Amino acid sequence: MGEMKLSNEITVKVNCSLDEMYKILESKGFSVVDKFSLEDIYYIPKEIDIKNQPIRKILSKYILIRNITQFMPDKFIESYNIFKITHKRKDIAADGSIINQYKKDCQIQDIIEAKDLLDELGFKEIMTIKENSIVYGKDDVKLAIKDIEDGEKLIEVEIVEDNPKLDTIEKLKVIINELQIPIDTNDYFVKKAENKLNRILLGE
């Protein structure tokens with residue numbers, strides 16, 4: 001079995017409508033390079049009581065059953081589905097900055113069977129997050145515009161380890177700020193799963 005993949009990214013909130021953001025990016029020379037939707041079902045060990053532990057600790061390590069709807073690149077109309085089990089772990093600093101993220105994927109054939117397997121292994125489902133993503137690209141820069149169902153509108157930019165222009169968090173911050181687009185730069189590490197779980201616990 002291979003090692004977990006090390007990665008990191010910045011994620012910021014969008015301060016305008018998504019249609020406005022699309023137009024702004026296109027005016028700056030960006031174009032659509034990818035389109036996909038995600039349905040992520042979150043699992044944690046059954047012995048964890050989500051009402052009696054800090055949300056960040058609960059979500060420091062979890063398993064996803066992931067349903068990916070990937071749109072074909074010709075016109076981004078036709079699509080196909082990919083199913084995966086994904087194990088994620090995050091190292092988060094005291095100030096909320098994400099130091100590193102680790103991920104291991106395993107492609108599967110059947111979501112129901114995967115749910116049964118995780119149940120047998122001692123895991124429980126706690127929530128589902130759905131999102132639609134459109135990725136805009138220009139040169140080496142790719143911005144994933146994420147529309148989270150019942151949640152935030154976000155932009156995500158990933159580190160590219162073999163590209164010296166995009167290989168650190170600080171370089172990503174400079175790039176996204178130089179674009180002068182309407183985003184909230186008070187938090188470069190918006191955590192959609194923490195926000196969703198917090199809303200669930202508050203009964204929203």
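**Quick notes on the predicted model**

1. Starting with the surface: the accessible area of the protein comes to about 11600 Å², and carbon and sulfur atoms account for 48% of that. Keep in mind throughout that this is a predicted model.

2. On the fold, you'll find 5 helices and 10 strands in the protein. The radius of gyration is 17 Å, close to the 17 Å that the globule rule gives for 204 residues, so the protein is as compact as a globular protein of that length.

3. As for the inside, 43% of the 204 residues are buried. Looking at contacts between residues at least 6 apart in sequence, 65% of them link residues at least 24 apart.

4. Charges next. The count is 32 positive and 39 negative side chains. The centres of those two sets sit 2 Å apart.

5. Now the cysteines. How many disulfides does a search of the whole structure find? The search comes back with 0.

6. Is C16 buried or exposed? C16 has a relative accessible area of 16%, and buried means under 20%, so C16 is buried. C106 comes out at 44%, between the 20% and 50% cut-offs, so C106 counts as partly exposed.

How values were computed: Residues numbered from 1 in each chain as written. Predicted model: local features only at pLDDT ≥ 70, side-chain atom pairs only at ≥ 80, totals over all residues. Heavy atoms only, no water. Helix = DSSP H or I, 4+ residues; strand = E, 2+ residues; numbered from the N terminus. Rg over C-alpha atoms; globule rule 2.2 N^0.38 Å. Buried < 20%, exposed > 50% of the residue type's maximum accessible area, 1.4 Å probe, protein only. Contact = heavy atoms within 4.5 Å. Areas by Shrake-Rupley, 256 points an atom, 1.4 Å probe, with all protein chains shown as cover. Lys, Arg positive; Asp, Glu negative; His and termini not counted. Charge placed at Lys NZ, Arg CZ, Asp CG, Glu CD. Disulfide = S-S within 2.5 Å.
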